[in-house]
Amino acid sequence: MDRGGILVGLFVIGYIAFEAYGVHTQRHLMEPGYIHAQYAAADQAMMHCGEAGRGTREQFDHNLAVMERRAIGELLESGDYSDEEAAAVEVAARAAERRAEVDALVESAGCEDKQLWTLVKTYEQRARLNLQ
């Protein structure tokens, strides 16, 4: 092989390694447990710093319940939890942890904080989803 072919080969290998690393480090963002915890954080932020209309609230609550079921199912499929009750307790504990983080942020920074504003917007966006 000539020098150009070697460089192209190294570039391709480097690119594949870079993409694989990105997928590996970002995989948790697609997991139902992580998404459910984000829903819980957005719910807590809206409770403190926003106002949702009745329809928005109902749709968000529906989507939150869907993600809770998916998170429980994910834990059961992983084999780490053998019964649904234990998995539900774990999912609730993770959500409570995120809610406590939002409460602490509200106390320390107030509702004008950019991160809280982002969570309120996330609430509105996730309420528009039609999860089944």
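## Asp43 and its surroundings

Leaving aside residues up to four places away in sequence, Asp43 touches Arg57, Phe60, Leu64, Arg99 and Tyr123, where contact means heavy atoms within 4.5 Å. This is a predicted model, in which local features need pLDDT of at least 70 and side-chain atom pairs count only at pLDDT 80 or more, while totals for chains, interfaces and linings use all residues. Residues are numbered from 1 along each chain as its sequence is written, and side-chain values use heavy atoms, with hydrogens and water left out.

Asp43 lies in helix α2, and with a relative accessible area of 8% it is buried (under 20%, whereas exposed means over 50%, with a 1.4 Å probe and protein chains only). Its side chain is joined to that of Arg57 by a polar contact of 2.7 Å, that is, a pair of N or O atoms within 3.5 Å, one able to donate a hydrogen and the other to accept it.

## Helices α2 and α4

The axes of helix α2 (residues 32-49) and helix α4 (residues 84-109) cross at roughly 35 degrees and come within 8 Å; helices here are DSSP runs (H or I) of at least four residues, and axes are lines fitted to C-alpha atoms over the stretch in contact, with angles from 0 to 180 degrees between N-to-C directions. Among the residues that meet are Asp43 and Gln44 in α2, and Arg98 and Arg99 in α4.

## Trp117

Trp117 is found in helix α5 (residues 114-127) and, at 52% relative accessibility, counts as exposed. Although Trp117 and Met46 are 71 residues apart in sequence, they are 8.9 Å apart in space, C-alpha to C-alpha.

Conventions:
Helices (H or I, at least four residues) and strands (E, at least two) are DSSP runs, numbered from the N terminus.
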